[in-house]
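Hello,

Here is the structure I promised to pass on to you. Have a look at it first, and then read my notes below.

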Amino acid sequence: MSHEFAYLTQSGFLGAPAALPDRPYAIAGVAYDGATTNRPGARFGPAAIRAASHMLCDAEHDLFGVSPREVLTDYGDLLTPNTSLVAMRAALEGQAQGLLERHHVCWLGGDHSITLSLLRAYRAALGRPLALVHFDAHCDTWTSHAGEPSGHGTWVYEALTEGLIDARATTQIGLRSPGSREAREYVRAQGGSIFDARSLRGMTRLADLEPVLSDIRERVAAGGSPPLYLSLDIDCLDPGFAPGTGTPEPAGLLPSQVATLLEGLIGLPFVGMDVVEVAPAYDHAEQTSQLAAYFVWTYLCARLATGDGLDPPARVLGAVLRKRMR
Ligand SMILES: [Mn+2]
C-alpha cells in the first residue's frame, strides 16, 4: 500500500495511525473549552487541526528535509468530560502522564486551561520545573477567572505559583491584549522575558528575530538546560490570519514570524508542545486550523531533523529514530 493511499484512509494528524505505543512522537487532542472567557468552540479544535493537516500530504519539510509520518501516532481526543474544569483536569492529568512517559507528545487544544494540567503531568514525571516558550496575545497571568481561581487566562500564574515552570527560563512572545500592567508584566517581574507584539512589528527575517532565539537559548542554558515546553496559543497571530479563535486581539504576529521562530528553536531540550484555542466556528477557509497544523508539523520536523527532544521522559532511544530515518 502506498503512503498516499494510506494517508487518504487515515484520519489521524498527517494520516498517522492510531495508538501505536512504539512510535516516538504522538498527537493527543484535549477537546475542552469550558474555561473560555469569550467565544466558545475550541473543543472542536483538535478535529479541525487534524483535518487541516491532511493538506500537508507526504509531510516532507522543505527546510528540514524530513517527514514525521513514519514516527508519529495519534491517540485521538482523550476522554475528558466537558462538565467542569475540575472534572476535566482530574480526567486529563493521569492520561497525559501515561502518554508523555511513553511518547514525545504534541497536544491539540482545547482552550488554554488544559496547559496547567499538562505542565503538572510533566512536572510530576520529570521531577523538576520546566522552561517555557509561550506564544500568545495574552499574558495568562491573571490571578482569577472572573472570580474563580482558575480558567484559560490564569495558567501561567498558577504554573509559576505551583513551581511547575522556572520563571527565569520562561519567555512570552506576542503579548498585546488589554490588562493591568501588573498582569501583563508579571513574567518579567518574576525574572522571565517578554517580547510583546509591538516590539516585534516589522521583524520578519531570521536575522531580525535572532535576539528572541538567543534570549531563549541563554535562559535555557543559564537554567541548566531544564526540559523545555512550548505552548502556542493560536491567538498570538493577527486575527486577519487566524480569525478562528475565542479571544482574538488585533495587531498580532504574522504566520511567517512564528514559523521562523519555530524553525530557529533547534538544539534545545524540548519535551513537548501544545497548540490551543483554535475555534473552527469563527474560522474562514480553514485558515486558522491550517496554521495550527503547520506549526505542529514544523515543530515535529525540527525535533526530528536535529534529534532534539529524545531525552526522558520519552522512553525512546535516539537509535530507534535514527534507524527509522535511514
Ligand atoms: Mn490567548
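**Salt bridges and their surroundings**

Glu162 is partly exposed, with a relative accessible area of 38%. Please keep in mind that this is a predicted model. The side chain of Glu162 meets that of Arg120 in a salt bridge, at 2.7 Å from N to O. This pair links distant parts of the chain: Glu162 belongs to the loop between helix H5 (155–161) and E5, while Arg120 belongs to helix H4 (residues 114–126), 42 residues apart. Arg120 is partly exposed too, at a relative accessible area of 24%.

A search of the whole structure gives 10 salt bridges. Another one of them joins Arg181 and Glu185, whose closest N and O atoms are 2.9 Å apart. Here Arg181 is exposed, at 54% relative accessible area, whereas Glu185 is partly exposed, at 26%. Glu210 and Arg217 also form a salt bridge, with 3.7 Å between the closest N and O atoms. Both partners are partly exposed: Glu210 has a relative accessible area of 30%, and Arg217 is at 30% as well. Salt bridges with shared partners also join Arg50, Asp74 and Asp77 into one network.

**The sheet**

You will also find an open sheet of eight strands with parallel pairing, in the order E2-E1-E3-E8-E7-E4-E5-E6. Its edge strands, E2 (72–77) and E6 (193–195), each pair on one side only. On average, neighbouring strands are turned by 15° against each other, direction ignored. Within the sheet, E4 (residues 130–135) pairs with E7 (residues 228–233) over five bridges, in the parallel sense. His134 has Ser231 in E7 as its bridge partner. Helix H8 (residues 206–222) packs on the sheet and touches E4, E5 (165–173), E6 and E7; the direction of H8 makes about 170° with that of E5.

**Aromatic rings**

The structure holds five aromatic pairs. Phe270 and Tyr299 are both buried. Arg303 lies over the face of Tyr299, at 4.7 Å from the ring centre. Finally, ring pairs link Tyr294, Phe295 and Trp297 into a cluster.

Technical notes:
Residues are numbered from 1 along each chain as its sequence is written. This is a predicted model: local features need pLDDT of at least 70, side-chain atom pairs count only at pLDDT 80 or more; totals for chains, interfaces and linings use all residues. Side-chain values use heavy atoms; hydrogens and water are left out. Two strands pair if DSSP finds at least two bridges between them. Helices (H or I, at least four residues) and strands (E, at least two) are DSSP runs, numbered from the N terminus. Axes are lines fitted to C-alpha atoms, for helices over the stretch in contact, and angles run from 0 to 180 degrees between N-to-C directions. Contact means heavy atoms within 4.5 Å. Rings of Phe, Tyr and Trp (its six-membered ring) pair if their centres lie within 6.5 Å; planes under 30 degrees apart count as stacked, over 60 as edge-to-face and the rest as tilted. Buried means under 20% relative accessible area, exposed over 50%, partly exposed in between (1.4 Å probe, protein chains only). A charge sits over a ring if NZ of Lys or CZ of Arg is within 6 Å of the ring centre and within 35 degrees of the ring normal. A salt bridge is a side-chain nitrogen of Lys or Arg within 4 Å of a carboxyl oxygen of Asp or Glu.
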